[in-house]
Amino acid sequence: MPIINSLKKYADGFFSLVYPHNCLLCQRELNQHDEYICFLCKEDLHFTYFEKYQEPSYSEQLFWGRLHLENVYSMLYFSQENSTQKILHEIKYHNGKELGVYMGKMMGERIFNQANYTDIDAIIPVPIHTKKEFIRGYNQSMSIATGIQKTFQVPVVNALYRKTHDASQTKKSQEQRYENVKDKFGVYTNKLQNIHHVLIVDDVLTTGATLESVVKAVLSVHLPIKISIATIAVAHT
């Protein structure tokens, strides 16, 4: 056994020289305790600390007058200039499936002990169209949901589907975003049976158009379900 452990350490050391694991943000080589982001960069992430708020957060206020939600949580602030943009871009466009799981786990650990989340009994990722998922190879929201599941230990349920394959929301105005996602999500009603409090998960909250459409789709089945939302980031100037 000591020989096997020694060989493993040697192999790990060799591969780290040939294929060094560098921090996503600063490119420093990661130590054996870090994943994707080094300790220093993790300390500098633009955390919202919404989990510590006593008053409604900015993410919650975005839905005021639009939806009744139990909780809305976003872990990081997003802007075009900060490190959050790099993280989201990697998750979405650079085969960042495992990075999504890592960030989801980080988010789950921050909210798991919050009283408002203790009765969550299912996690639903915001779906992307099957064509887009085939091209990308994964749904980034599913990756994030999988990471959250590692802490919450409740099922991830594919209860929603995207009806049409549409252009990206990125360069659309707020009004165009609402029109682009209006009535675009369908529901597998049977998968929502016996769910009491669901956590809907997405990568980023901007205007809230996509998430509003998703929540309305869930509400359309007229089941007594409480709904909370969690995103990796919220766009906030």
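**Notes on a predicted model**

1. Let's start with one residue. Arg-136 sits in helix 6, which covers residues 130–136. Keep in mind as you read that this is a predicted model. The side chain of Arg-136 makes a polar contact with the side chain of Gln-140, at 2.4 Å. Leaving out residues up to four places away in sequence, Arg-136 touches Lys-92, Tyr-93 and Ile-128. His-94 is worth a look too: 42 residues separate Arg-136 and His-94 in sequence, yet their C-alpha atoms are 8.9 Å apart in space.

2. What is the order of the strands in the open sheet of four? Reading across, you get 1-6-5-2, and the pairing is parallel. Strand 1 (71–78) and strand 2 are the edge strands; each has a single partner strand, so one side of each has no neighbour in the sheet. On average, neighbouring strands here are turned by 20 degrees against each other, if you ignore direction.

3. Two helices to find next, both packed on that sheet. Helix 5 (residues 97–111) touches strand 1 and strand 6 (226–235). The direction of helix 5 makes about 125 degrees with that of strand 1. Helix 7 (residues 140–152) touches strand 2, strand 5 and strand 6. For helix 7, the angle with the direction of strand 5 is about 130 degrees.

4. Zoom in on strand 2, residues 122–125. As a bit of background, strands of a sheet pair through backbone hydrogen bonds, either parallel or antiparallel. Strand 2 runs parallel to strand 5 (residues 197–205), and four bridges join the two. To trace one of them, go to Ile-123: its bridge partner in strand 5 is Leu-199.

5. On to the rings, where the count comes to six aromatic pairs. One of them is Phe-50 with Tyr-77, an edge-to-face pair with 5.8 Å from centre to centre and 90 degrees between the planes. Phe-50 lies in the loop between helix 2 (39–43) and helix 3 (58–61), while Tyr-77 is in strand 1, so this pair ties together parts that are 27 residues apart in sequence. Phe-50 is buried, with 7% relative accessible area, but Tyr-77 is partly exposed, with 22%.

6. Another pair to look up is Tyr-161 with Tyr-188, which is tilted: the centres are 4.9 Å apart and the planes make 40 degrees. Tyr-161 belongs to strand 3 (residues 160–162) and Tyr-188 to the loop between strand 4 (185–187) and strand 5, so parts 27 residues apart in sequence are tied together by this pair. Tyr-161 is partly exposed, at 32% relative accessible area, and Tyr-188 is partly exposed, at 36%.

7. One last thing about the rings: ring pairs link Phe-50, Tyr-53 and Tyr-77 into a cluster.

Terms used
Residues are numbered from 1 along each chain as its sequence is written. This is a predicted model: local features need pLDDT of at least 70, side-chain atom pairs count only at pLDDT 80 or more; totals for chains, interfaces and linings use all residues. Side-chain values use heavy atoms; hydrogens and water are left out. Two strands pair if DSSP finds at least two bridges between them. Contact means heavy atoms within 4.5 Å. A polar contact is a pair of N or O atoms within 3.5 Å; within protein, one must be able to donate a hydrogen and the other to accept it, and residues adjacent in sequence count only if both atoms are side-chain atoms. Axes are lines fitted to C-alpha atoms, for helices over the stretch in contact, and angles run from 0 to 180 degrees between N-to-C directions. Rings of Phe, Tyr and Trp (its six-membered ring) pair if their centres lie within 6.5 Å; planes under 30 degrees apart count as stacked, over 60 as edge-to-face and the rest as tilted. Buried means under 20% relative accessible area, exposed over 50%, partly exposed in between (1.4 Å probe, protein chains only).
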